[in-house]
Amino acid sequence: MEPAPHPRRGKILPFVPDGESWVARHVRDLPRSGIRDFFDLVQTMEGIVSLGIGEPGECTPWNIREQAIFALELGKTGYTSNIGLPRLRRAISRYMERLTGVRYDPEEEILVTVGVSEALDCALRAIVNPGEQILFAEPSYVAYSPGVVLAHGVPVGVPTRFEDTFRLRAEELAEKARPGVKALLLNSPANPTGTMVKEEELEKIAGICRRENWVVLSDEIYAELTYEKPHRSIASLPGMKERTIVFNGLSKAFAMTGFRLGWACGPAPLIAAMVKIHQYSMLCAPILSQEAGVEALEHGAAEVEAMRRIYQKKRNYLWRSLTALGFPCHSPEGAFYLFPSIAPFGLSSKEFALRLLREALVAVVPGTAFGPSGEGHLRCSFSPRMEELEEAVGRLSRWMRKSFPK
Ligand code: PLP
């Protein structure tokens, strides 16, 4: 005789984990990057001309690529010291002194990282206690707010306005001063607006940081890409080197995004804290990129200047074209983005960007990807090659004539 079935058999559903429930709350609640969302859609389409990507249209200069190849031929395929090759740290120290006038000790005040992205992440995790606030001008680079959240801090965007050329004003910053604010995250020249903090304003901002005892995280990745005045680092102001971590890298000015090489320079105790995180998470930046990095910093200046001039021409072309088409737009002082207003056209940033993509096959980034105060704007990169910019402008003007007849 068959044994009687177990009374619970078949009644309990097998446990199927949904995966989602394991994800930490602060990660689950993190919004997806507005740029990624948009470009997932772009990937599904054909024949798009993109002004959306924040990446140089040029290839890395040949002498730099060659050094990566030589290093590979020599069998340099291992780890390096956690903080980076000594030769590279010395080259960074000399480069930073030329660029900012500030000298950093290659042994204690420089950390080589996997792009500025990793440097920022390490710095935030090194300084933020849970719940502490980090201030930054908004619209801001897409990684700032999530980076602060991932470090268990609270991001506080300080809105800036088109009418004020998106400048961060010292008085508005001072209004945010309260216990619990740990640092100011500064980005000049800025992504997405191309704005640079004016010298007088920089001094006032530095004064507030000293008075309030804030750390300054200064993202200077676009320092070489300026078109009117040279870049001024906040670390070069009196009493500021001691409280500032400066971030820079090879991605933009040297057209080396895929090499993933950046660095942080700052006070020895803060760099030591970042090294603690970096040594357990990343170990070191890729050796081939570090070898190429030495060449870039020692022999790349002429190529950087040639690329800067090309960017300047492309900036002038795109700015003139957008202005002629009726977009209110500032001519950016640095970086490689225009951030025109679309106020005259009565659409939200997302609606405008989606229609432009679907109807004219031109990709730009809706301003809201950079925070709520980016509403009413688009980010148009002038980093692609000139032919692509011309094609995009041609499509845009035909579409504008049809969609918004005068
Ligand atoms: N900081 C800013 C302001 C940027 O615009 C970018 C890239 O777009 C980064 C940092 C990331 O730089 P990296 O490629 O060195 O990680």
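1. Around the ligand stand 13 residues, and the closest of them are Gly115, Val116, Ser117, Asn191 and Ser251. The model in which this shell is seen is a predicted one. Sorted by class, the shell around the ligand holds three nonpolar, nine polar and one charged residues. Helix H5, residues 115–127, gives the largest share of the shell, with three residues.

2. Over residues 48–396 the chain is 40% helix and 14% strand.

3. The domain assignment divides the chain in another way. Domain 1 is made of two segments, 25–59 and 302–403, while domain 2 is 77–299. Between the C-alpha centres of domain 1 and domain 2 the distance is 25 Å. Domain 1 puts 33 residues into the contact and domain 2 puts in 30 residues.

4. The side of domain 1 that touches domain 2 can be described by element. Helix H2 (34–43), helix H11 (301–324) and strand E9 (337–338) each supply at least two residues of this side. H11 provides the largest share, six residues. By class, this side of domain 1 has 15 nonpolar, 12 polar and six charged residues.

5. Next comes the sheet. Seven strands form an open sheet with mixed pairing, in the order E2-E8-E7-E6-E5-E3-E4. Strand E2 (110–113) and strand E4 (154–159) are at the edges; each has a single partner strand, so one side of each is left without a neighbour in the sheet. On average, and with direction ignored, neighbouring strands of this sheet are turned by 20° against each other.

6. Strand E5, residues 181–187, pairs with strand E6, residues 215–219, in the parallel sense, and five bridges join the two. In this pair, Leu185 is placed opposite Leu217 of E6.

7. Which strands does helix H4 lie across? Helix H4 (residues 86–100) lies across E2, strand E7 (244–249) and strand E8 (262–265). Relative to E2, helix H4 runs at about 110°.

Terms used
Residues numbered from 1 in each chain as written. Predicted model: local features only at pLDDT ≥ 70, side-chain atom pairs only at ≥ 80, totals over all residues. Pairing = 2+ DSSP bridges. Helix = DSSP H or I, 4+ residues; strand = E, 2+ residues; numbered from the N terminus. Axes fitted to C-alpha atoms, helices over the stretch in contact; angles between N-to-C directions. Contact = placed C-beta atoms within 7 Å. Near = placed C-beta within 6 Å. Nonpolar A, V, L, I, M, F, W, Y, C, P; charged D, E, K, R; others polar. Domains from an automatic or database assignment.
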